[in-house]
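Colleague: Please take a close look at one part of this model, and then go through the ring pairs in the rest of it.

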Amino acid sequence: MELTTVWFLLVAVLFTGYFILEGFDFGVGMLLPVLGRDDRERRVMINTIGPVWDGNEVWLITAGGAMFAAFPEWYATLFSGFYLPLLLILLALIARGVAFEYRHKRPEASWKRRWDAAIFFGSLIPAVLWGVAFANILRGVPLDADHEYVGGLFDLLSPYALLGGASTAALFATHGAVFVALKTVGDIRDRAAALAVRLGVAAAVLAVTFLSWTLTIRSGPAAVVLAVGAALALLGGLAAAKVRREGWAFTGTAVAIALAVATLFAALFPTVLPSTLDPSGTLTATNAASTPYTLTIMTWVAVFFTPIVLAYQGWTYWVFRKRIGVAHIPPH
């Protein structure tokens, strides 16, 4: 297997891990004003992701770094053409991170409401815009023969792209509701489990529509199989949530997200950013890649450090595996 293919797969794996892990804490943030009826319940929800949310964001940093080093042309064109959406994602993530740290600094209800709003919008905006971004990567964008983006902001807001944004937001909200049900006890657990089923139905409709539309734009045998697998995994997760098997439900939504992301990358390969203007402007895994020497060094670094990072993050989740509830949160 060529190193360009290996690194395309590694970038796909990193984004898959990011969407699975950051997906549920985006979901928890979006559901904060829905499931959290009072301050203590909202604190329970925040504490379910408190030990892991910043570690989950490392997957995005690593994915961006891998793209920059392995496919610099892809990175440069993508981040210049999608500058405004990616800037909004960055600002939302900053506001969200600050909110987690500052929410508890003062006791006033108005202070906490403002930071709760920052958590909500800091979760919703990236959840939508990541779907918009990846939909545009699949559909293609106006690139000239020099691989320069020559479109505007509204070129990125097609109906297909907006459907992609709605699909990722709905999937992440469902994933987050299942995670809250998995990590809590008491009344909030019951409400989260019921909400997960309702959200999951909407997410299934949106995701199936989006993946079906995707396969009419770019397709292949592997992409079709992965898309069917994603739909079945989501249905299995919803069935498990219905009978209150939260562990299996979370596995189902995680696998559904993983297979959905895999569908997008499988449909895209060997292209990495299609041009809708000039076929010569299309970026592929070959013409966007770094030199073989660079890819070789990166491969050895990844072989050594990746197991260490995965082991550490797995240990973190194991340490904080216990359920929590309102009884664990002091009133003040």
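Leaving aside neighbours within four places in sequence, Asn-47 is in contact with Ile-324 and Ile-329, where contact means heavy atoms within 4.5 Å. Asn-47 has its place in helix H2 (residues 39-49); helices (H or I, at least four residues) and strands (E, at least two) are DSSP runs, numbered from the N terminus. With a relative accessible area of 38%, Asn-47 is partly exposed; buried means under 20% relative accessible area, exposed over 50%, and partly exposed in between (1.4 Å probe, protein chains only). Leu-226 is 179 residues from Asn-47 along the chain, and their C-alpha atoms are separated by 34 Å.

This is a predicted model, in which local features need pLDDT of at least 70 and side-chain atom pairs count only at pLDDT 80 or more, while totals for chains, interfaces and linings use all residues. Residues are numbered from 1 along each chain as its sequence is written, and side-chain values use heavy atoms, with hydrogens and water left out. The chain averages a pLDDT of 89, and 99% of the residues score at least 70; pLDDT is the predictor's confidence in each residue, from 0 to 100. Confidence in the chain is highest in helix H7 (residues 159-183), at a mean of 94, and lowest in strand E2 (residues 283-284), at 86.

Next, the rings. A search of the whole structure finds 31 aromatic pairs. Rings of Phe, Tyr and Trp (its six-membered ring) pair if their centres lie within 6.5 Å; planes under 30 degrees apart count as stacked, over 60 as edge-to-face and the rest as tilted. Tyr-160 and Trp-213 form an edge-to-face pair, 5.3 Å centre to centre with 65° between the planes. Tyr-160 lies in helix H7 and Trp-213 in helix H8 (residues 187-217), so this pair ties together parts that are 53 residues apart in sequence. Tyr-160 counts as buried at 2% relative accessibility, whereas Trp-213, at 35%, counts as partly exposed.

Phe-304 and Phe-305 also form an edge-to-face pair, with 4.8 Å between centres and 90° between the planes. Phe-304 counts as exposed at 54% relative accessibility, and Phe-305 as partly exposed at 45%.

Ring pairs also link a cluster whose members include Phe-8, Phe-15, Tyr-18, Trp-74, Trp-130 and Phe-269. Finally, the charged end of Arg-321 sits over the ring of Trp-318, 3.8 Å from its centre; the criterion is NZ of Lys or CZ of Arg within 6 Å of the ring centre and within 35 degrees of the ring normal.
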